[in-house]
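Q: I am new to protein structures and would like to learn how to read one carefully. Could we go through an example together, step by step?

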Amino acid sequence: MLDLFRLWCGAVIRVFRTRHSLILENLALRQQLAVLKRKHPRPSLRLVDKLFWVVACRFWPRWKDMLVLVQPETVARWH
């Protein structure tokens, strides 16, 4: 029941977000998935990944909200 409520609240919040914010969030999630697709048991951030986050922190005020690496299955469960 709590998951359904969180899903509904998330959908309502996303309706009022700007398109720019959604595009940046999508880009951050795609970058995290690219890190997780690497063949290492515990992926590490490369120089390109770190540069991505440096640029993100300059142009996106909510960049810290996306700084969590999760498994793709977890993301699918959240949505």
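Predicted model: local features only at pLDDT ≥ 70, side-chain atom pairs only at ≥ 80, totals over all residues.

A: Residues are numbered from 1 along each chain as its sequence is written, and side-chain values use heavy atoms, with hydrogens and water left out.

Q: How many helices and strands are there in the chain?
A: Helices (H or I, at least four residues) and strands (E, at least two) are DSSP runs, numbered from the N terminus. Here the chain has four helices and zero strands, and its pattern along the sequence reads α-α-α-α.

Q: At what angle do helix H2 and helix H3 pack?
A: Axes are lines fitted to C-alpha atoms, for helices over the stretch in contact, and angles run from 0 to 180 degrees between N-to-C directions. Helix H2 (residues 19-36) packs against helix H3 (residues 47-59) at an angle of about 165 degrees, and their axes are 11 Å apart. That makes H2 roughly antiparallel to H3, a term for angles over 145 degrees.

Q: Which residues of H2 and H3 make the contact?
A: Contact means heavy atoms within 4.5 Å. On the H2 side the contact is made by His-20, Leu-24, Leu-27, Ala-28, Gln-31, Gln-32 and Val-35, and on the H3 side by Asp-49, Phe-52, Trp-53 and Phe-59.

Q: Is Ala-28 buried or exposed?
A: Buried means under 20% relative accessible area, exposed over 50%, and partly exposed in between, with a 1.4 Å probe and protein chains only. Ala-28, whose place is in helix H2, is buried, with a relative accessible area of 0%. Not counting residues up to four places away in sequence, Ala-28 touches Phe-52, Trp-53, Trp-60 and Met-66. Of the 79 residues of the chain, 23% count as buried.

Q: Which residues make up the largest nonpolar core?
A: In soluble globular proteins, nonpolar side chains tend to be buried together. A nonpolar core is a set of buried Ala, Val, Leu, Ile, Met, Phe, Trp, Tyr and Cys residues joined through side-chain atoms within 4.5 Å. The largest one here has six residues in all, namely Leu-24, Ala-28, Trp-53, Ala-56, Trp-60 and Met-66, and the elements that give two or more residues to this core are H2 and H3.

Technical notes
Parallel < 35°, antiparallel > 145°, perpendicular 65-115°, else oblique.
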